[in-house]
Amino acid sequence: KSSSSCDSSSEGENDDDDDDGSCSQIMEEWDKRKKHPFSLHPELWFNLKGQANDGLLCRCSIKSRLSGIRHEIYPGEKPIDYCSDESSNLSGLHHYRITMSPYTNFLTKVPTVINHDDHEYIFEGFSMFSHVKLENIPPCKLLRFNIEYTVDFIPESAPENFTVRSLNLFNRFIFTEILELVDVDWTGPSGGCQRFHYLPRFCRTLPDSGCKEVLSMNTVLSFLLKSVKPLVDESRLEEIMTCGESEWHARVDNLRGMIVCNPGLRPSSIRVDQLDRKVTTPVIKADNYDDSSDEKNKTVKKTKTDGEVEKEKDEKDEGTDSQPKYPLIIHQGYRPAQLSYAGDPVYRKAWKQYVKFRHLLNSKPKILAADKLKLKEQEEKLREIRMKKTMKREVTVELSSKGFLCTGLRADLCQHALMVPVLMSHLRFHICLDVLEESLEYKFQERNLLQLSLTHTSYRTNYGTNPDHTRNSLTNCGMRQVEYGDRRIHYQNTRKRGICILVDIMSRFGKQEETASEIPHNERLEFLGDAVIEFLTSVHLFYMFPWLEEGGLTTYRMALVQNQHLAVLAKKMKLQDFMLYVHGPDLCHESDLRHAMANCCEAIMGALFMDGGLEVVDRIFSKTLFDDEDVLLHTWSDLPRHVLQQEEPGGDRHWVKSSPILQKMEKFEERTGIKFNHIRLLAKSFTHRNIGINPLTLGHNQRLEFLGDTVLQLIASEYLYRHYPEHHEGHLSLLRSSLVNSRTQGLVYDDLGMSEFVICNENAANEGMDMKTKQRADILESFVGALFVDKDLDYCRTFCNVCFFPRLKDFIMNQDWNDPKSQLQQCCLTLREVGGGEPDIPVYKVIKSIGPTNTRKYVVAVYFRGKRLARGTGHSIQQAEMAAATQALKKRAELFPILQHQRRFLERMKKDDSERDSDKEDGSPSKVSRRSARPNQRRRQSTRNRI
Ligand SMILES: [Zn+2]
Ligand SMILES: [Zn+2]
């Protein structure tokens, strides 16, 4: 439990990366709000229309402000006809009860209660009335206080004791007047009735039936009216200030946690945490900054109207004996994260020096190295202050209670109310996704997948409105003591850099069952979609051009799958109107936006693949490619069968009798248990490229290899996507390349004993037994290609489940994804000095090459920070570099403390694993068959035995 909100309000923000420009902006904003004429208190932050805490919310270009979900422009949204004010309009409204789970931070010991008719009606959340029926919309999920919440809306029979006018009045009072959510757009840009109406549920459980009675809006509004009275009754001030302790406590107890308001000032409302009779001049207790308040007050007065100056005077004079004393409201708040350093005098001083020095340099004719160094030092100093997480953000504010009014409301209601905009934007977004689904001609079963595929990495947790407004209002009026969830949840979802995290994530095994990922953006789907698109284009091209060589196919494919082209497709789908990403100049640049759109296009294809399978994504991808060109669409979609299949539509196994080669193929079939309908396809896959055209196989296996490669990529990507939910796309790529590389393919080739079956001409036959890894891998790939042509993708999946995926575990344990060169680089990066500019990376130099061209050997040395670490020798430069890196890691291990850490980590992992294995020793299958079992099954078995 913690009451510090330092973590929460910096959710997803990166204060450390602020550049100079925004730094000035933040300070400006700091000054502006502190000097605001209607500011309630310099330390209480408030909401301004269109403004975040550090200035303008939207820094998008003017053009891009006209579109996009982030500007609350939802495609297909039309204005809604007004409800009639004095009726409940229930014939046209659909009622839903909004629920939160878990209840953490939404339940309180002292909820808002209305006493009516001798009964207590306790606030339990909101009801929502929608003008449209909400169908196929998933619950809204969001991360707040490091806790994952689900906001759901349950259709229920509607309460009837309200009018739309009463709801609208309440709506305006709570959201606009109290919480000052001035940026929430309740209607949409074209106006009309509010898209949703909200009713606060003050409930009591009826003793007889156990049913709930919801208090009428009429009663709620009159409660609010009656509640508005001065926090401290002026006529009884003397009495209040001098009453006995117990009476005072009784009075204060009821006020603690109450929302009080001071209309006209900003913020208008705050939560009372304590009321204090010890009257001192109001000061900011926990503030560590010198605010030079005198100077500030002067500025304030200048801009105030006479009446206000008068009031101000009252307050100033309060301390003197002649004026009545008011109790002090104590409010404990938090300074917004962005501003925590902006007011720090040390920081401000350093900043001024830095700016001055920079100006000075600009006017100098020649800049010396020493100047540069000094500038860098200053930058570093500023950065250091910003990075300091110790900077105090809690502030205790004391305010005279004079002029404050009670509202009768408490923090729990505000806490719930702040979720309303979140849900609203979620619903509006999903309603507009109907438009996208219509244009795709596909309805998602899992709408969340579609949402995920549209979520750019820049997109941050949803507040439904200006996030800073939510934070400010939450600090001012929400619950004071908030419980925080596991910080790691948030951390895991956003962080993916750093060697320790890399090693940590890369050493996790796959999940036994397919598991949904918690990673909240579309990069993983993009990883999958990329493989899907490549696969689809390869298959279509393969069949469309039966005589085109591998090189030609590759060229065509490249043209189709390249980023630029995908961006064109994304534009056809109008993805820019649906994508979720942040405000800011970044994606306003045409090229950046296009790039993001291309990625989003891939992600959508990935989502379609997951939701509807291969046929669906094939249809939609083809349609997007050629929807306006019938002939092309036809050519692309109506694919002929493979030439070998066309020759013998019913299968060609009758050829076996007369062909010794095919008889040999049958042996392979017997060995593997895979029987082909067209056995010539199998023979073709074994046919080396030096064999020309011949009646049996009609040429060599190169085209099948092209196909097989993409089949493997797709299957591996899909498997990893489904079973490694904690891996980011970069980690998935690493695993995939350890799985689908020549070495692994060569191993599978050897395991299947494929070398006996290779069909090549005399000269090559001698080499046959001693084929290079790459050649073995090629044959395996073309075999998979043949398997796909003869069977289908599912069959190939099974093949991979048996031959490839069980190896993953060993790859993970041995860190196979991490070749020595990458590992050395990572090690060097960990030695990077904080803020040290360009990172230090190892440098490789060829220092010798020995021998004639065909048997040449290279000697490479690797240097780090100008010092030689080690040397290595190899037949290629790449090989020699690897050898050098290996040597460096071995011989100079003392340089890299991270290595020890990793080693310990891996040892622990292996130990755990061997314990798992020994656990299930009894009755476990033999070593050989265990090896071929899926890693999942092995784990399942071991847990079962332990149980
Ligand atoms: Zn914007
Ligand atoms: Zn309405």
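Is Phe668 buried or exposed? Phe668 counts as buried, at 1% relative accessibility (buried is under 20% relative accessible area, exposed over 50%, partly exposed in between, with a 1.4 Å probe and protein chains only).

## About the model

This is a predicted model, where local features need pLDDT of at least 70, side-chain atom pairs count only at pLDDT 80 or more, and totals for chains, interfaces and linings use all residues. Residues are numbered from 1 along each chain as its sequence is written, chains are lettered from A and ligands numbered from 1 in the order written, and side-chain values use heavy atoms, leaving out hydrogens and water.

## Aromatic pairs

The structure holds 25 aromatic pairs (Phe, Tyr or Trp rings, with the six-membered ring for Trp, whose centres lie within 6.5 Å; planes under 30 degrees apart are stacked, over 60 edge-to-face, the rest tilted). One of them is the tilted pair of Phe123 and Phe202, at 5.5 Å centre to centre and 55° between the planes. Phe123 is in strand E5 and Phe202 in strand E8, so this pair ties together parts 79 residues apart in sequence (strands, E, are DSSP runs of at least two residues, helices, H or I, of at least four, numbered from the N terminus).

Phe123 is buried at 6%, and Phe202 is buried at 1%. Both belong to one aromatic cluster, along with Phe126, Phe170, Phe175, Trp186 and Tyr198.

## Charges over rings

Arg703 has its charged end over the ring of Phe542, 4.5 Å from the centre (NZ of Lys or CZ of Arg must be within 6 Å of the ring centre and within 35 degrees of the ring normal). Lys791 lies over the face of Phe676, 5.9 Å from the ring centre.
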